[in-house]
Amino acid sequence: MNNIIIKDLSLTYGEKQILEKINLGIEQNKITAIIGPSGCGKSSLLRCVNRLNDLLPESKIKGQIIFDGKDIYAPNVDVVEIRRKIGMIFQRPNPFPKSIYDNVAYGLRINGVRDKGKISDIVEKSLRDSGLWKEIKDRLHSTAMELSGGQQQRLCIARALTIEPEVILMDEPCSALDPASTFKIEELMVKLKEQYTVIIVTHNMQQAARVSDTTGFLYLGKLIEYGNTKELFIKPKEKLTENYISGNFG
Ligand SMILES: Nc1ncnc2c1ncn2[C@@H]1O[C@H](COP(=O)(O)OP(=O)(O)OP(=O)(O)O)[C@@H](O)[C@H]1O
Ligand SMILES: [Mg+2]
């Protein structure tokens, strides 16, 4: 079942065409990977899905993104609500200069949750779900800035989970991490898809092949090919995809 349907989505920044007529169905409780060379529009596409491009005054969108049966670009849509339901994890972990506990509790507090017992239950659950609990349970009140990069990224994932999103967008979440931390995040993604729909942008084709169910190949703002990950990597339909995955161009 599709959780998100992207219909004829085009994006321009000023005069520049960034995405052109993208059509894509994102399956619920699956991991969808978006791959493609630098500058092809992967991050821009991801940002369209939780309306982060709205923050860029030059950007203009055509087409639709249907989520839970409604176009997220329709008038009267509550953008804050969209961003609550569709969380985002960035390339560089971005913990706040606060304690581990306060980082994770942040989303709950700004959403008006006051009950201390409830907050601490949800903080623990999110830290367990993000695989960080065992490593940090004895230093919840130390600063998050002391964590390793991989731990910080899992902390950011825990922080995103507290407000119960339906979809988690990840823009190259492992590109600043070593192989061991990358492995942990990949394991985590596979676990997360039981409860969430995950879209990941990655430069790392092995990663896309390892973790995703479905892969889309973007090139110069166009979706060249989209389908089952194994099929796309073993037997791509398009010559461009084949060239890209075999490393014939950047
Ligand atoms: N704020 C902006 N204003 C104008 N152009 C932008 C802006 N952000 C991105 N672009 C342009 O949009 C195009 C797509 O950029 P985007 O960041 O989506 O690519 P990407 O596929 O994520 O690349 P990378 O793999 O390097 O992260 C690029 O040509 C980029 O220069
Ligand atoms: Mg990018």
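How far apart do the end C-alpha atoms of residues 4-245 lie, and how much of the span is helix and how much strand? They sit 26 Å apart, and the span is 38% helix and 27% strand; helices (H or I, at least four residues) and strands (E, at least two) are DSSP runs, numbered from the N terminus. This is a predicted model, where local features need pLDDT of at least 70, side-chain atom pairs count only at pLDDT 80 or more, and totals for chains, interfaces and linings use all residues. Residues are numbered from 1 along each chain as its sequence is written, while chains are lettered from A and ligands numbered from 1 in the order in which they are written.

**Overall build**
- The chain has ten helices and ten strands, and its C-alpha atoms fill a box of roughly 55 × 45 × 35 Å along the principal axes.
- A compact globule of 250 residues would have a radius of gyration near 18 Å, and the chain agrees because it has 18 Å (taken over C-alpha atoms; the globule rule is 2.2 Å times the number of residues to the power 0.38).
- Of the 250 residues, 41% count as buried, meaning 20 or more other C-beta atoms lie within 10 Å of the residue's own, with C-beta atoms placed from the backbone.
- UniProt, in an unreviewed entry, lists residues 4-245 as "domain: ABC transporter"; such annotations may be inferred rather than shown by experiment.

- Leaving out residues up to four places away in sequence, Leu-169 touches partners including Leu-46, Val-49, Ile-86 and Ile-199; contact here means C-beta atoms, placed from the backbone, within 7 Å.

- Among the buried ones are Lys-42, Ser-44, Leu-45 and Leu-46.
- Ligand 1 has 14 residues around it, and Tyr-13, Ser-38, Lys-42, Ser-43 and Ser-44 come nearest (near means a C-beta atom, placed from the backbone, within 6 Å).
- α1 (42-49) and β2 (16-27) each supply at least two residues of that shell, and α1 gives the most, with three.

Conventions. Contact = placed C-beta atoms within 7 Å. Buried ≥ 20, exposed ≤ 12 C-beta atoms within 10 Å, placed from the backbone.
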